[in-house]
Structures are given as C-alpha cells and as structure tokens.
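Please keep the sequence and the model in view while reading.

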Amino acid sequence: MRLLACMRMDLSEGFRESYKRMILVMLVALCIIVVSIVRIASFGLDIPALSWGDGLATCFGGIRVFDPARDRFLPFPTTWLFMLGSILYVTFSYPYRDLMGFGRGVLIASGGRRTWWVSKCIWTAVSTLVCFLLVGIVCLLSALVLRGRLSLGIDQDVFEHLLLVPMDADPPVGIVGFVLSVPCLLVALSLMQMALALMIGPVLSFGATMALLLASAYAFNPLLPGNYLMAARTHGTVLEGMSPFCGMALAACIALISIVVGGMYFSRMDCINKEYAI
C-alpha cells in the first residue's frame, strides 16, 4: 500500500514538474524532422514522403563509425545528442529534488527507503517511455502530413542523404528491432543517471551520461550503449552493425546494476543532514 501511495504521488508531482520538458522533447523531434526535410530539399531533391520509420531513424540517426584513416574531419552528432539529451533531461532532477524536499519528510515519517527508491525507479522508467512515445507520435504525425507509409521501413535515399551513411542492405529495410531497443536503452540510461545523481548530484550525473553518449559516437565498442541508439550503426542497415538484441541485453545489465548499486548507496545515505546541491 505504501508503494502504491508513493507511486501515485510521484506520477502526480513528477509529471507536474516535468511536463514542460516533455513538450520540449516533442519540439526537438519536430525541429529535427523539419530541418531534415529542408536539408533534403537543399540537395535539389523532391521532398520525400517520410515514413514512420524514416522519422524515427532521423531523430535517432547518429553518425557513421568514425575512421581516422577515412574521415578528414571529426563529425559531431548534434541532432542525435539533442534528441537523447532532451529525453534524459526530463528525469534528471525530480527524484533528487524530491529527496531534498517533501520526500525527505516521507522517509522520516515512514522509514521506507526501499519504497521510495522503487517508486522513483518506476517513475523514471515510465517517464522515459512516455518521452519515447511522444517522439513516436511526432514521427507518426509527420508521416501522415507528408503522406508517407505508416510502417517502420526506411527509404534508402532518405537514409543516405540524411545520415551520410551508405545503406548496405537491399531496401526496403525494417528497423523494428532498433525501435524496440531504443526505449530499453533510454530507460537504462535514465536509471543510471538517477543512481549517479544520489552520489554526485543531478547536474554532474547528467553531464556524465551525456559524456558516455559522446564517447559512444567515436568509439565503436559493444559495451558503449550509445552505439545501439544510432540508426546509422544498427544491424540490418549497415554491415557489421550493432545487434538490437545485444543492445537490449546491455540495457538490462545497466538497469539492473543501477537499481542495485543505487539502492545500496541510498540505503546508507544520510538523507536527513544532506543538503541540496546541484
């Protein structure tokens, strides 16, 4: 009963604090799609009928694997980082802020540290999934407006012009596995960010998570989660791409470690005398 009560409070207070950030997530996704359409038009091509999958691949496109011998300039995954950063920004402060405010009184009154931690983990996961759903809705509406296919197939010309990555597979290419793995990895990173926030504060934990994603952009390593969050590096679109199922397994490991380690740290944390600090 205490867990349900705590979850209801989190869903109410947490979403009240973060709904403006969720709107920001939708605006970022919309801007990425609009900029992508303008970019295609700048190549002298007709504005394509973007499918649902094209929209998602655009928002979570990333960059091709960096090769110092081939690439003269170091590419920067601007739109990809903005998209992921806006989603991670939604959940980066509420759990810690609640602990330093009303949540501290709840802990003192009930002594339910486990209840508080489990509730915050659930809220973080739900909020992250809602953000991904909102991005999916923006991409779906864009497909409807542009009269594209309501499928998770991606167009070869759109893929190659927007991501600057040659598609190795024969079209049409589906990205169902990639789309299923993205929310899993986002939830895992949000949980990791929340656990780090207890130790080093929300701002530094957000910075550390973004640094991990940036490292993934330049190191093609299966242990770096950002590689699985790029359509430009997913299996099925490019040779030797990352398997979405391996990405889901990595997400499960990150989430489990974050929940366990964060819970153990929180069980020994001095919540009463700890001061709020960003």
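Leu191 lies in helix α8; helices (H or I, at least four residues) and strands (E, at least two) are DSSP runs, numbered from the N terminus. The model is predicted, so local features need pLDDT of at least 70 and side-chain atom pairs count only at pLDDT 80 or more, while totals for chains, interfaces and linings use all residues. Residues are numbered from 1 along each chain as its sequence is written, and side-chain values use heavy atoms, with hydrogens and water left out.

Is Leu191 buried or exposed? With a relative accessibility of 5%, Leu191 counts as buried, where buried means under 20% relative accessible area, exposed over 50%, and partly exposed in between (1.4 Å probe, protein chains only). Apart from neighbours within four places in sequence, Leu191 is in contact with Cys121, Thr124, Ala255, Ser258 and Ile259; contact means heavy atoms within 4.5 Å. Leu191 also illustrates how the chain folds back: Ile254 is 63 residues away in sequence, yet the two C-alpha atoms are 8.2 Å apart in space.

## Two contact partners of Leu191

Ser258 belongs to helix α10 (residues 244-267). Because its relative accessibility is 8%, Ser258 counts as buried. Beyond residues up to four places away in sequence, Ser258 touches Trp117, Ala188, Leu191, Met192, Ala195 and Gly263. Its side chain reaches the backbone nitrogen of Met192 at 3.5 Å.

Thr124 is part of helix α6 (residues 113-145). Thr124 is buried too, with a relative accessible area of 1%. When residues up to four places away in sequence are set aside, Thr124 touches Thr91, Pro95, Ser190, Leu191 and Met194.

Helix α8 has 25 residues and reaches 36 Å from its first C-alpha to its last, close to the 36 Å expected at 1.5 Å a residue; the expected span of a helix is 1.5 Å times one less than its number of residues. Since 18 of its 25 residues are buried, α8 is largely enclosed by the rest of the structure. Just after α8, Gly201 takes a positive phi of about 95 degrees.

Arg147 follows α6 and has a positive phi, near 60 degrees. Helix α2 (residues 52-59) is largely enclosed by the rest of the structure, because 7 of its 8 residues are buried. The buried residues of α2 are Gly53, Asp54, Gly55, Leu56, Ala57, Thr58 and Cys59.

## The nonpolar core

In soluble globular proteins, nonpolar side chains tend to be buried together. A nonpolar core is here a set of buried Ala, Val, Leu, Ile, Met, Phe, Trp, Tyr and Cys residues joined through side-chain atoms within 4.5 Å. The largest such core has 66 residues, and Cys59, Phe60, Met83, Val135, Leu213 and Leu229 touch the most other members. Helix α8 (residues 176-200) gives the most to this core, with 13 residues.

Which residues does Leu213 contact, leaving aside its neighbours within four places in sequence? They are Trp80, Leu81, Leu84, Leu88, Leu189, Gly226 and Leu229.

## Cysteines

How many disulfides does a search of the whole structure find? The search finds 0, a disulfide being a pair of cysteine sulfur atoms within 2.5 Å. The cysteine sulfur closest to that of Cys139 is in Cys59, at 3.9 Å, which is too far for a bond. Cys139 is buried, at 1% relative accessibility, whereas Cys253 counts as partly exposed at 45%.

## The whole protein

The protein contains 10 helices and 2 strands, in the order α-α-α-α-α-α-β-α-β-α-α-α along the sequence. One of the strands, β2 (residues 173-174), includes Val173, which is buried with a relative accessible area of 7%. The C-alpha atoms of Val173 and Gly153 are separated by 5.3 Å, although the residues are 20 apart along the chain.

Of the 278 residues, 50% count as buried. Among contacts between residues at least 6 apart in sequence, 77% join residues at least 24 apart. The accessible surface comes to about 13,200 Å², of which 70% belongs to carbon and sulfur atoms; accessible areas come from the Shrake-Rupley method with a 1.4 Å probe, and for residues only the protein chains shown count as cover.

How values were computed: Polar contact = N/O pair within 3.5 Å; in protein donor to acceptor, adjacent residues only side chain to side chain.
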